[in-house]
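Open the model in your viewer and keep the selection panel at hand. The tour goes from one selection to the next.

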Amino acid sequence: MRKILMIVAATLLSLLPGSARDSRIISIETDNNSLVLAVREDGSVYQLHYGARVSSSEFAAVPIRDGRYSAGSLAYPAAGGRFLDQPALHLQYADGTHNTELRYVSHGTVSTQGVLTTTVNLQDEIRKITVRLIYEAYPEEDVIVEHAEIVNGGTAPVTMLDYASSAISFRADSYLLSHVHGGWAKEMQLEHEQLGFGTKVIESRRGAQNTQCANPSFLLSLGTGELRENAGEVVAGALAWSGNYELRFDRTVDGRLTVLAGINPFSSAYPLAAGQTFRTPGMIWTWSQEGAGRASRNLHRWARRHALHSGGQMAPILLNSWEGAYFNFTADTILRMIDDAASMGLEMFVLDDGWFGNNHPRNSDAAGLGDWQVNRRKLPKGIGHLASYAHSKGLKFGIWIEPEMVNPKSDLARKHPEWVVGSRDRELYETRNQWILDLSNPAVQDFVFGVFDDVMKLSPDIDYVKWDCNREVLSFWSSYLGDEQDRFYVEYYQGLYSVMDRIRAKYPDVMIQCCSSGGGRVEYGELSWFDEIWTSDDTDAMERIAMQYATSLIYPACIMGSHVSTVPNHQTHAVTPLKFRFDVACQGRLGLELQPRLLSEEELALVRRCVGSYKTYRDIIETGDLYRLGSPLDSDFYGMMYVTPDRSRAVVFTYCLEFDTLGGEGHPFRLEGLDPGRKYKVTEQNVDRSCWWGDGASFTGAFLSSGAFAPSLPARYSSAVFVLEAQ
Ligand code: DGJ
C-alpha cells in the first residue's frame, strides 16, 4: 500500500460526481467485487452492498431509510444523530459534547498503476471535522483496503474515543466467524463460531506482541453455516496494525452484521489538536464466491504484489543456532555449525540470541539486553570473523537482535531508567526478566535505529537480521508522554514504524525477520518492512501442520518461516520422523534449527536430499497459488499444493495425521488449480520407492483432480511430496 502511495504518476479519473441520478452512488470495484455506497438526500453516506461485482447504477433506485432501531449501515458511522450502535468514530469535543454528524462533501477516484483509489470526503460542518474515507481497490486481486483520515479543522482540540479504520455491513441468513487465537508456542489455533445477536470482539490489549493472543484477521462465511474451501460466500478481513486492535462484530436486531475494525480504543482516547490529521491503519478486505480457498489466494496475491516488503523473494535455506546451541556457544561452536550448514547444502547461517553483553553477558535471558556489544569472551574475534567465514563457505549470514527491550541487569537500564515503560508508583513488572523501552519517545527511536545500524556495521557480510520482541506492555506509563498517556499505545507503534522507515531507507535489501516469542507479530502492518515472520517457537511438525494451515488462510507462504528441529521436540517432546518434519517445513521458508553434529550419517543424507529437492520447487511456494486439499482439523488426512500462475508446475504435500485402516490403500486427494487438459509428469520427492503407483508417469489435470491421485499413507506421520510438471 505504501509503495503505491509513493508512486507519482497518477491519472485523474473523476473528481466530481456525474449526473444527478448517479451522484447518489459511489462505486468501488475490483474485477469480481463491488462495494457500493450511496449518498442520501440529507448527505449521509450509506453502504448498500459489499460482495459480488454488480452494476452499481441499479442501486440508485434503492430507498435508504433510517432503520427502526438505528440509522442503519452508514459507511462510517459516527456517534451522534440517529445512530445508536457502536460507531466507527466517536469524538468528544472540548465543551464535553459527543455528537458528530458526518455529511457528504465530495468524492473522486484516481488510478495509480492500476490501483483505483477512491476518496470520499465527509464533514461535520458544525464541528469542522473532516473525515476522508480512502478505499484502494486492487482489481486483479479482488482486494479493497480502507482507511480513514480524520482532520480536526476546528480551533480547539478534540478527543478521539473511537477511530476505526473501516465499518462494513452484511446481510445474510447466517454468519460463521472463523478466526485464530493462541499463545506462546500455540499460536494460530483456528476456531469457528456462529454469530448470534449481540457483539463478538477479537482484540489485543497487550501493547506489543499483538498476535500472541489472537490475530487481527478473520474469515466470515455468509449463509452457508460452515467454512468451505471451494464454495460459498466468504469474506476475509485483516487489519494492518501492529499495536492494540479491535475487530468488532455487531449483529443487530434488524439482522445486519457490521464489522468494525481498527485500533483498540482501550486506554487510547487520542487527543487530536486543532489542525491535526490522524491516519488510521488499513483494513484489508476481499470477498469470494469460491470459499476460503479463493479468499486466501486473493490476499496472498495482493500481499506478494502490493503489500510485502519483498513479496515472492526466494528465501535462503538457513540453519539457526537457537535450538542447536541456545546461549551456550563459543566461536568454535558457531564455526562448526557454519561448516555443517554448508555441507548440508544450506544457504544461510543465523546466529541467534546470546552473542552480546560484556558487563552483563547474555548467557541466559536474565541479562544483557540493551548492551549490544559483542561478547568478547564468547566471540573474541567478533561478528565479522563469523560472517566472513560464512561467506567464504558460500553462506549468507544473519544475526539476532531484540532492540526494543532491556534487561534490568544491563548498562542501558542503569543509564536510561527513564526509557523504561511502566508505572513508577508500582513495581516495574518483568516478563522473561526484561522491560520494554518506550518507543513513543524519539530518543528511544534513535536508540533502536542505532542498535540496528551499529549491528550492521559489525560486518559488511550481514545479510539478515532476526528482530525479536519477547514481551508485552504491562502497567503502561511513559515518562516522555507526561500527562498525555493515552497516546502511548498508538505512538509506540508509530515510533516503531518510523524507525523501520529509517532502517529501510538505509538498508533496503537486508532481509529482516519479524519474530516475537515466535508468532507474536504476524500481521500485515509489520510486513511493509519485514520479509519474513517466525510462525511459532513450536517446531513440532504435527502441531505446525495446523498452525501453518491457519496462517495460510490470511498470509502467504513466502513470509512463513518453518524450520526442521530435533527430536524429542523441545516444546512438545514428541518424536516424529525426520522426513515428516521436512515435508511439513518445506511448505514455507525452509530452515533447520538443530545441532547438525547430533544427526546420524543416514539422517544427514536425508537432509541433503530434502534440501536439494526443495531448491527445485521453492519458487512455486514463494510465487504460486495455494490450494488447500481439505482441512487438517477435520480429517485424518490433509493435503495442500502450490501451482505456478501459468499452471505449468505444482508441488503437492500430503500427510496422514491419524491412523486410518484404509490409508495404506491410498487416500484420494482431488488436486486443484491444474489445467484439466494438460498432462503433468508426477514425481515423488525424497524417496526411492514412491507411495503412489503413478509416480514417474504423466496424467491430465482432469485425471489428477478426479480423486484418482491417491498416495498410500499407511500410518500417522506418513507423508509424501510430489512435483508436477506440465509436459
Ligand atoms: C524467541 C524466539 O521466538 C526464538 O526463536 C529465539 O530467538 C529466542 N527468542 C531467543 O531468545
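**Around the ligand**

Start with the ligand and Asn-470: an N or O atom in the side chain of Asn-470 is 3.5 Å from a nitrogen atom of the ligand. Bear in mind that this is a predicted model.

Taken alone, the ligand exposes 300 Å², and the protein buries 99% of that.

Next, select Arg-432. An N or O atom in the side chain of Arg-432 is 2.9 Å from an oxygen atom of the ligand. Then select Asp-537, where a polar side-chain atom lies 2.5 Å from an oxygen atom of the ligand.

Now show the whole shell. How many residues surround the ligand? There are 13, and the closest are Asp-352, Asp-353, Lys-466, Asp-468 and Asp-537. Colour the shell by residue type: 6 of its residues are charged, 4 are nonpolar and 3 are polar.

Hide the side chains and switch to a cartoon view. Strands of a sheet pair through backbone hydrogen bonds, in either a parallel or an antiparallel way. Here 8 strands close into a barrel, with parallel pairing, in the order S21-S22-S23-S26-S27-S28-S29-S30. From one strand to the next, the twist averages 30°.

Definitions and conventions: Residues are numbered from 1 along each chain as its sequence is written. This is a predicted model: local features need pLDDT of at least 70, side-chain atom pairs count only at pLDDT 80 or more; totals for chains, interfaces and linings use all residues. Side-chain values use heavy atoms; hydrogens and water are left out. A residue is near a molecule or strand if one of its heavy atoms lies within 4 Å of it. A polar contact is a pair of N or O atoms within 3.5 Å; within protein, one must be able to donate a hydrogen and the other to accept it, and residues adjacent in sequence count only if both atoms are side-chain atoms. Accessible areas come from the Shrake-Rupley method with a 1.4 Å probe; for residues, only the protein chains shown count as cover. Ala, Val, Leu, Ile, Met, Phe, Trp, Tyr, Cys and Pro count as nonpolar, Asp, Glu, Lys and Arg as charged, and the others, Gly among them, as polar. Two strands pair if DSSP finds at least two bridges between them. Helices (H or I, at least four residues) and strands (E, at least two) are DSSP runs, numbered from the N terminus. Axes are lines fitted to C-alpha atoms, for helices over the stretch in contact, and angles run from 0 to 180 degrees between N-to-C directions.
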